[in-house]
Amino acid sequence: MKKLLIFIFLFTSIVTNAQYFQTGQDPASLKWRQINTDNFQLIYPDYYENQAQILAQKLENIYEYGGYSLGYKPRKISVILHTQTVKSNGLVAYAPKRSEFYTTPHQRTYPEDWLEHLALHEFRHVVQIGKLNQELPAIIKLLLGEQGTALVFGAYLPWWFIEGDAVATETALGKYGRGRYPSFLVEHRAQVLERGIYSYDKAYLGSYRSYVPDHYQLGYYLVANSRQRYGRQIWEKAIKRVGEKPLSFTPFNKALKLETGMNKVQLYHSIFDSLAIVWKRQDENFTPAFSNTISKKGKIYTSYTYNHWLNENEIISYKTALNEIPAFVKLNKNGEEQKLHHPGFIFNESVSYRNEWVAWSEQVPDLRWSHSGCSKVYVLNVNNKKKLSFIPEFKTFAPAISPNMNDVVVVEADFSSNYYLSVYQISDGKLLHRIQTPGNNYFFSPEWLNEKELVALMLTEGGKQLAKFNLETGKHEILFDNHMGDIKDLRFANNKLYFISGFSGKNALYAFDLSDQKIYQLYEPRFGAEYPSVDSSGNVILSDYTGSGYRIIEIRDIQKKSVDNIEEEEYPLARFLASEEKGKPEFALKDQFYTSETYQKKAHLFNFHSWAPVFVDPYQYEFKPGVSMMSQNKLGTAETVLGYKWDTAEKAGKFYGRYTYKGWFPVLQFEANKGQRKSSYWLIKESMRNGEVVRRDTSLERFSWNETELSAQISLPLNLSQGIYHRLLQPGIKYELTVFNNNHSTPEQFSDGDYHSLSYQLTYQQFMRQSHQDVYPNFGFVLDGNYKHSPNGRKELGSLAAGQAIVYVPGLMANHGVKLYAGVQGKKAGEIFRFSDVVRFARGWGKIETNQLYTMGVDYRLPVINPDLSLGGLAYFRRINATVFADFSTLNANFNTNGQTHQTYTSHISSYGLELTGHLNFLRFYAPVKLGLRSSYLPEVDDFTFDLLFAFDFTSL
C-alpha cells in the first residue's frame, strides 16, 4: 500500500503540470467516416475513402507481424487520419487511447510508401503500450483508467527504447526502414569518432552545449544491438517486468540487469564501446579524396546545407547553428560570410537556386485549425533582395526554378493523397502544368533539363527511380531503375545528373551521364555528404558531415568510379533483425473493401478514459482530495473534467464540472461548482446578573454557507504565424454567476445573494524564432488588455481595467536577453467583494487591495554555464541561467479604520534581485525541470525575501 501511495503521488505531481495529450483539431467543415476491421477503427474525412480502404488492408496485414517479437497481439485501436495538415508525422497516445496519422509524405522519407511506414512504426507503439497494459496490476487500471497505463509507460520506459524499438521494427518488417538509411545512422558514428562517447545522461537527455543525436537514433543502436546480443525476448521481458512491478523504483533497469548483467547506463557504454571499435577500424581503412574546406569551423555545432554556386568566388548556403536562428548566407572562398535572409519554417529538402535567385517552400499554419495549413513558395533575389511569393493550390514541396526564371516546378500533395508535379508561374501563382502518373507515384527532388523537360525521382514499389517528364505530353520515361538505395538532391549540369545516394552505406556523390547512360560515383565522404552544387566548369561543392555539423567543401579530386565496381551495403544489423521476425507483411492489395459508415461527431462528444481517487484538474494545475473523471473525444474537439474536490483549508467540498468544446471556430468552455464554503468568526458571549455583565467569553465559531458557481467562456485563438514570427491573437469573453445562501450554521448577519461578472480580454503576442541556446527570443512582445465588471445581481463586484505589455530585446552578448514589463490597473471596489489583481506587484512583496496599480520591471537573463553534469542518476544539469531584475510599483489604496474609508494614499515599492535557475532532469525522467531560487531586496523595508522556483517542462515529450 505504501508503494501504491507513492505511485499515486507521482501521478498527481505529473498530471497537474500537463494536460492530456492534445494534438489539435481539424477544420469544422469536415464530414467524417469510419471503417471497422477486426483490429482497427479508422476515422477519416469522407473524401479520403479510397486511401482509407487501402490503409485498412495494410494495417490488417501488419497486425500478425508487428507484435511478434514482443509476444503480444494488441486489442482494437482507433486510428484518426489528419489529411489537411502540412506536417508529416504519426503518434500513439493512451489517455485517451488512439493513434493519429498525418497523411502527407515529406521529401526526406526513405524509399517506402509513407502510409506503410506510419503503419509499421506506429503499430509497434500500439503493441508496446498494449503489452504493458496487459501486465499491469488490475488495481492500477481500476484506480486510474487509461492514464495509469500512460503514466507507467512514460515514467518507466525510456524514450530511446520506445522509439528505438519502433525504428527496429520498421527496419525489420519494411522494405527499407531507418536502420538502412545512411542519413539516420551517420550522426552517432561521426560523434563517436570525432568527439568521443558522451555520457549516458547527455546522450539521452540532450545538451545546450553540444549537438546530441535524438532518441530515435540512440534507441535504434541500443535496441537493435541488444537484440543481436541477447535475443529478441530481452525487450519483451523488460516491458513485462515494468508492467508487473510498477511500484518498484527501477523495474526497467532491473529487467536489463537480469537479462544482461548490466543496467541501462552500463549497457549503453558496452554497446557504444563495441561500435567505436568497429567504426575506428573502418575509418582507418578510409582514404579521403582531396578537397578544400570553405566554411570556417566554429566552436558551436553549425551546419551549411542547400548549397549553390552564385559565381566562381561566392556560394549561397542555408546555415543552422545551436546559437543562431537559420538563415541564408553568402560565403566567399575564404569562408567569410554575410547573412542574406531569415526564412520561416522550411519544408525538408525544399530549397533550390537558379543564378542569383533562391526558391523555397515553407509552412503556413491555418488561422484556427492545428490540423490544417498551407504551403507558401518564396523566390528571393539575393542581389537586390526582391522577393516574390504565392500560395499554390495544394501542399507544396521541393520548388525548382525554370531556366527562364519565370516558372517554378513543385511536388504537390492534395488532401486525398494524390501526388503531382506542378508548374506555376512565379509572378502571379498561375498553374501552368500538372502531371500525375497512372500509379499516383510520389515525387522527389524535381529538376529542369530544359523549358519542356523535367527529371524527378519517383517512388515505386521497387524503390526510388529516376524519370524524365515531358510537360507538353505529360508522359514520362524511366532513365534508370538501378537499385541505388535512397537517392536525393538531383542537380543537372554539363549533361549530367548529379545526386546523392546511400548505395554504399554512406551518402556519397554520384552522377548519371546522359551521354552514355551510366552511373558513376564521384566522391565518397568519410561520414556522409549532401546538397551538391556544380558550376558550368564542373567545380563541385557539397555539404560534408562531421562531428561539428555539415561543412562546405569543394572537391578537388573527383575519383570517377563505375557503380558496377561499388559494393552495395547490406546492413547486417538490419538483416539480423529481419531474420528474427516471422516474416514480412505482404502489402499487395486485394480486391477487398471494408464496410464504411458515417462517423457522427455529435454522437462522440464524450470518451471517458481516465479517473483518479483524487481530484485532478489538468487545466488549473491542481490536485486535491476527492475523485475525478476525465474525457477527451477521439477527434480532440471535446474535453470534460468531472469530480468532487475537498478544500483542506476550509474543510469543505464541492462538486465540479468543466466542459470545453473546440470543434467550432470559437472555443467554448462551461464550468460549474456546487457545494459548501466554510469560514469562522469571533463570537462574544456575555453572562448577565441583575442587569450587569459578569462574564464575557470570546470563541471562534465555524460556519458554512452554500455556494454555486457557473461560468461560460468564448474565445477565439487565431494563429497569425508566418515567417520567423509566431503570432497569436486571442479575444475572449467570460460570464460568471455566483449564488450563495445560508444554511443552519450561517450567522444572521451573513446575507445571501448573488453576483454576476463579465470579463473581456484581448491578447496579442508575437515572438521571433529562437535558437537552441537563446534564453529569450531576440525580439517579441505580448499585449494584454482586460476589463471586468459586474453588470447586475444583488451583490456588486465593482470593476477592473488592466493593461499589460511584455517586450523582449537582445542582450549585450549572443544568447543573452532582456525582458521589459509594464502593467497598469484600475480597480473599483464592490460592496463586499472585488476582482482579483491582473497586474503583478514588485517581486518579493505581498499583495494588498488597491484602487490603482502601476508596475514596471526589467529582467536581464544570461546563460551562466552549460555543464552537462550528471549526479549519479539523481539529477542531470544541462544549463544554469542567471537573471538580474528590478521592479517598481506604485500603489493607490484606501486607508480603512473599523471598516470605514477615511482617505486614500499612494505608496511606492521596489525590489531588486537575482534569480538562479537550472534546467535539469531528475531521475533521468525525460521531461526537464526548471528549478531555481530568487532573492529579492526590498529597499523600502531594508529586507530580503527568498522564493523557490519550480516548473516541469513537458514540451519535450
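# Close-up views of a predicted model

View 1. With a relative accessibility of 0%, tryptophan 160 counts as buried. Please keep in mind, here and in every view below, that this is a predicted model. Tryptophan 235 also has 0% relative accessibility, so it counts as buried. Together, tryptophan 160 and tryptophan 235 form an edge-to-face aromatic pair, with 6.0 Å from centre to centre and 80° between the planes. Because tryptophan 160 lies in helix 6 and tryptophan 235 in helix 10 (residues 233-244), the pair ties together parts that are 75 residues apart in sequence.

View 2. The protein has 13 helices and 49 strands. Its C-alpha atoms fill a box of roughly 125 × 60 × 55 Å along the principal axes. A compact globule of 957 residues would have a radius of gyration near 30 Å, and the 32 Å of the protein agrees with that. Of the 957 residues, 56% are buried. Among contacts with a separation of 6 or more, 57% join residues 24 or more positions apart. The accessible surface comes to about 40900 Å², and carbon and sulfur atoms hold 52% of it. As for charge, there are 104 positive and 98 negative side chains, and the centres of the two sets lie 4 Å apart.

**View 3. Tyrosine 110 meets tyrosine 181.** A search of the whole structure finds 49 aromatic pairs. In the pair shown here, the ring centres of tyrosine 110 and tyrosine 181 are 5.9 Å apart and the planes stand at 65°, so the pair is edge-to-face. Which parts of the chain does the pair of tyrosine 110 and tyrosine 181 tie together? Tyrosine 110 lies in the loop between strand 5 (97-103) and helix 3 (114-135), and tyrosine 181 in the loop between helix 6 (159-173) and helix 7 (182-195), so the linked parts are 71 residues apart in sequence. Both tyrosine 110 and tyrosine 181 are buried.

**View 4. A cluster of aromatic rings.** Ring pairs link Phe184, Tyr200, Tyr204, Tyr220, Tyr221, Tyr268, Phe272, Trp279 and Tyr926 into a cluster.

**View 5. Threonine 660 in strand 35.** Here you can look for threonine 660 within strand 35, which covers residues 652-661. Is threonine 660 buried or exposed? Its relative accessible area is 4%, so threonine 660 is buried. Leaving out residues up to four places away in sequence, threonine 660 touches Thr637, Ala638 and Glu639, along with Val667, Leu668 and Gln669.

**View 6. Phenylalanine 885 and its surroundings.** Phenylalanine 885 sits in strand 46 (residues 875-897). At 3% relative accessibility, this phenylalanine counts as buried. Beyond its neighbours within four places in sequence, phenylalanine 885 has contacts that include Arg843, Val858, Asp859, Tyr912, Leu914 and Ser936. The C-alpha atoms of phenylalanine 885 and serine 936 are separated by 8.8 Å, while the two residues are 51 residues apart along the chain.

**View 7. Glutamate 451 in a loop.** You will find glutamate 451 in the loop between strand 19 (443-448) and strand 20 (453-460). With 36% relative accessibility, glutamate 451 counts as partly exposed. Not counting residues up to four places away in sequence, glutamate 451 touches Ser402, Pro403, Asn404 and Leu471. Glutamate 451 and aspartate 407 are 44 residues apart in sequence, and their C-alpha atoms are 9.5 Å apart in space.

Conventions:
Residues are numbered from 1 along each chain as its sequence is written. This is a predicted model: local features need pLDDT of at least 70, side-chain atom pairs count only at pLDDT 80 or more; totals for chains, interfaces and linings use all residues. Side-chain values use heavy atoms; hydrogens and water are left out. Helices (H or I, at least four residues) and strands (E, at least two) are DSSP runs, numbered from the N terminus. The radius of gyration is taken over C-alpha atoms; the globule rule is 2.2 Å times the number of residues to the power 0.38. Buried means under 20% relative accessible area, exposed over 50%, partly exposed in between (1.4 Å probe, protein chains only). Contact means heavy atoms within 4.5 Å. Accessible areas come from the Shrake-Rupley method with a 1.4 Å probe; for residues, only the protein chains shown count as cover. Lys and Arg count as positive and Asp and Glu as negative; His and the chain ends are not counted. The place of a charge is taken as NZ of Lys, CZ of Arg, CG of Asp or CD of Glu. Rings of Phe, Tyr and Trp (its six-membered ring) pair if their centres lie within 6.5 Å; planes under 30 degrees apart count as stacked, over 60 as edge-to-face and the rest as tilted.
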